[in-house]
Amino acid sequence: MKVGVYVVAGAAEATAVRASVKDVVKAYVALTKPRIIELLLVTTVPAMFLAAGGLPPWDLVLWTMIGGMFAAASANTFNCVLDADIDEIMRRTRRRPMPRHQVGTVPASVFGVVLGILATLVLGFGANWLSAVLALTANAFYVFVYTLWLKRRTPQNIVWGGIAGCFPPLIGWTAVTGELAWAPFVLFAIVFLWTPPHTWALAFRYRDDYAAADVPMLPVVRSAPHVSMQIFWYSVATVAVSLLLWPLAPTGWLYPIVAVVLGAVFLWEAWQLWRRARSGVAIAQLKAMRLFHWSNSYLALLFLAMAVDPLIT
């Protein structure tokens with residue numbers, strides 16, 4: 001009987017260990033914010049197609065994606081560490097690993113450093129050192145300028161802090177060409193101008209969360225009509241700049257057509273949000289998440305078009 005008891009106990013312990021390891025792995029993966037990484041890669045790879053005027057070398061794409069993934073994961077991990085206190089307050093973020101104490105501050109910080117080193121080495125040896133330096137610059141900006149300085153101090157936090165998210169097109173372009181040009185800076189500007197409408201639309205949804213955490217997102221400190229007006233004009237600027245790519249990069253007929261169609265829908269959604277806000281409806285009735293979801297689709301489809309264009313035109 002004792003042998004049977006020991007066997008059952010051993011099996012239970014093994015199952016517990018497996019479950020514990022799985023939970024730890026899931027916690028560390030969650031620190032990297034995989035959904036944000038996906039969005040960043042969406043703006044990296046198409047820039048490589050555009051720079052190459054067609055298909056870039058598959059191994060270069062692979063190493064650039066891996067390096068970019070490590071770089072974004074590193075920045076996101078440090079963001080989780082530094083924002084643990086406000087993440088614990090906000091309903092949207094309180095189930096992240098740091099507020100739930102699934103990962104300690106020191107191990108998470110070491111994890112972030114390791115990811116940053118891996119990103120630098122992978123991009124440096126797999127692509128080139130210009131791309132590696134750009135990734136490091138983006139990380140430093142996100143951690144030190146946005147997270148530590150801007151986020152809790154100014155309603156313009158996401159405007160200037162969003163610069164960090166504009167670097168992936170530069171990284172993708174330089175990975176192929178080894179140098180910068182006007183075209184990737186247009187891509188940089190598209191993402192820069194797109195970020196405020198995208199983020200402020202989401203901030204409408206979680207306005208109470210940001211207010212409780214004392215984070216001065218624009219929808220917390222300004223009226224809905226004012227924020228919606230800002231969203232609309234940033235959307236206009238985004239669409240206008242997206243059309244500049246046509247004369248500055250080797251694009252054919254596909255990209256400008258797609259940019260116009262996608263831009264028209266983007267502007268319509270932004271205008272409708274502004275119209276509803278001016279009519280005095282409650283924030284819960286603004287349907288801001290419609291614009292948020294469309295902004296994701298807009299950016300993904302726009303960059304997809306610039307990747308496909310050189311393949312067929």
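A surface patch, as meant here, is made of residues with over 30% relative accessible area and no salt bridge, where nonpolar side chains are joined within 5 Å. With that in hand, welcome to this predicted model.

Let us start on the outside. Leu55, Trp253, Ile257, Val261, Leu311 and Ile312 form a nonpolar patch on the surface, and together they have about 640 Å² of accessible area. Helix 13 (254-278) and helix 14 (288-312) are the elements that give two or more residues to this patch. One of its members, Ile257, lies in helix 13 and is partly exposed, at 48% relative accessible area.

Now for the inside. The largest nonpolar core has 73 residues, and Ile190, Trp200 and Leu245 have the most contacts inside it. Helix 9 (residues 182-205) provides the largest share of this core, 14 residues. Apart from it lies another core, of eight residues, including Cys80, Val81, Val103 and Ala108. Which residues does Trp200 contact, leaving aside its neighbours within four places in sequence? Among them are Pro155, Ile158, Val159, Met217, Leu218 and Tyr234.

Ala181 is partly exposed, at 30% relative accessibility. The C-alpha atoms of Ala181 and Ala51 are separated by 9.7 Å, although the two residues are 130 apart along the chain.

Charged side chains come next. Side chains of opposite charge can pair when their charged atoms come close. The structure holds seven salt bridges, and the table shows some pairs.

| Salt bridge | N to O distance |
|---|---|
| Asp87 and Arg96 | 3.3 Å |
| Asp209 and Arg91 | 3.2 Å |
| Glu269 and Arg290 | 3.0 Å |

The salt bridge between Asp209 and Arg91 links distant parts of the chain, 118 residues apart: Asp209 is in helix 10 (residues 207-212) and Arg91 in the loop between helix 4 (84-89) and helix 5 (105-126). Asp209 is buried at 4%, whereas Arg91 is exposed at 55%.

Because Glu269 lies in helix 13 and Arg290 in helix 14, their pair ties together parts that are 21 residues apart in sequence. Glu269 counts as buried, at 11%, and Arg290 as partly exposed, at 43%. Elsewhere, Asp83, Asp85, Lys151 and Arg152 are linked in a network of salt bridges.

Finally, a word on confidence. The mean pLDDT of the protein chain is 91, with 94% of its residues at 70 or more. Over residues 5-17, however, pLDDT stays under 50, and the model has zero contacts beyond four places in sequence for them.

Note on methods:
Residues numbered from 1 in each chain as written. Predicted model: local features only at pLDDT ≥ 70, side-chain atom pairs only at ≥ 80, totals over all residues. Heavy atoms only, no water. Patch = residues over 30% accessible without salt bridge, like charges linked within 9 Å, V, L, I, M, F, W, Y side chains within 5 Å. Areas by Shrake-Rupley, 256 points an atom, 1.4 Å probe, with all protein chains shown as cover. Salt bridge = Lys/Arg side-chain N within 4 Å of Asp/Glu carboxyl O. Helix = DSSP H or I, 4+ residues; strand = E, 2+ residues; numbered from the N terminus. Buried < 20%, exposed > 50% of the residue type's maximum accessible area, 1.4 Å probe, protein only. Core = buried A, V, L, I, M, F, W, Y, C linked by side-chain atoms within 4.5 Å. Contact = heavy atoms within 4.5 Å. pLDDT = per-residue confidence, 0-100.
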